[in-house]
Amino acid sequence: MRISRRGFCGAAGLVALDAATGFAGAEMTMTKLPFAADAPVSVAAVGIKARDVNALADYYKDAVGLAEVSRRPGVIVLGAGGLPLLEIEEFRAARPDDPRAAGLYHTAFLLPSRLHLAKWTRQAIDRRIEVTGASDHFVSEAIYLTDPEGNGIEIYADRPRDAWSYEGGGLKIGTVRLDVDNLLGELRPGDSAWVGAPEGSMVGHVHLRVGNAGEAERWWNDELGFDTIMSLGGSAVFLSTGGYHHHVGANSWQSAGAKDRDPDRSGLSFVEFRSKTAAKESVHEDPWGNVVRIVPA
């Protein structure tokens, strides 16, 4: 499949656009937090285990636009505007991640505005960065990639909250193809070019692979107090705090019946959430061993 400014054509597959704690201690310096962050609990950062830490860090710098924030032996921390968002830990002996097992489906990097997403898209077209999809979800617009070790990535921008629609008592979320031409219409002559993820970028949500979406929903509801926003026929669930469209997604599309996550594989190490009500740090594991850290805001 190939995505161009004219939309989708072709068959499924890779596509190209054509023509360590301490994370939550860093403060966002924006005068107005995005809705995703201005919630009781929001995503602070994601940790992944890599077979080649330097090569993977280079990919996130080049394709996503993250910058190196810090490093220590075997660990590289990347972020935007000085805010740590992604910790990559070297694990050379790891077996490759298994997409049929529990783990990370994707890390979703939220850009501050639609204009920033348009700038990212323009340079991705020019540089022919390979992506795996591009969707309009009504509440947001998103482009999807896969890193060299198989970890999913979403780069997205939210629509203004007052533009979200509700039906049947719930938030209207869906998936249609992204109108790339319309997105690029945000650009004007003289606009600055994309030079990397800007200050104000954050991990807006994280999407996990689980063995059973219904069991995942109950765990996030009961263990961590997240609200269910939408459930898709028992195969996926989307949850949040404060009314955001989702801080967490959990699906069993490829991983139905998965057992405990194998710690000797690359991929997800942890997800860290920033909580306005937590008095101290706590560490949890979902029913499949995906590690969730909660730290005070």
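**Group meeting: strands and salt bridges in a predicted model**

Hi everyone, let's start with Arg-92, which is exposed at a relative accessible area of 56%; buried here is under 20%, exposed is over 50% and partly exposed is in between, with a 1.4 Å probe and protein chains only. This is a predicted model, where local features need pLDDT of at least 70 and side-chain atom pairs count only at pLDDT 80 or more, while totals for chains, interfaces and linings use all residues. Residues are numbered from 1 along each chain as its sequence is written, and side-chain values use heavy atoms, with hydrogens and water left out.

Arg-92 has a partner: its side chain meets that of Glu-90 in a salt bridge (3.2 Å, N to O), and Glu-90 is partly exposed at 27% relative accessibility. By salt bridge I mean a side-chain nitrogen of Lys or Arg within 4 Å of a carboxyl oxygen of Asp or Glu. The structure holds 17 of them.

Now for another pair, Asp-97 and Arg-209, whose side chains meet at 3.1 Å, N to O. Asp-97 sits in the loop between β7 and β8 (103–110) and Arg-209 in strand β16, 112 residues apart, so this pair links distant parts of the chain. Helices (H or I, at least four residues) and strands (E, at least two) are DSSP runs numbered from the N terminus. Are these two residues buried or exposed? Both Asp-97 and Arg-209 are buried.

Arg-209 also leads us to β19, where its bridge partner is Asn-251. Strands β16 (residues 202–209) and β19 run parallel, joined by four bridges; two strands pair if DSSP finds at least two bridges between them. Strand β18 (residues 236–240) pairs with β19 as well, antiparallel and over four bridges, with Leu-239 opposite Val-248. Both faces of β19 (residues 248–251) are covered: Val-248 and Ala-250 are buried on one side, Gly-249 and Asn-251 on the other.

Last stop, please: Arg-159 and Glu-141, in a salt bridge at 3.5 Å, N to O. Arg-159 lies in the loop between β12 (152–158) and β13 (166–167) and Glu-141 in strand β11 (residues 140–146), so the pair ties together parts 18 residues apart in sequence. Arg-159 is partly exposed at 25% relative accessible area, whereas Glu-141 is buried at 3%. Which residues join them in one network? Through salt bridges that share partners, Arg-114, Asp-136 and Glu-186 are linked with Glu-141 and Arg-159.
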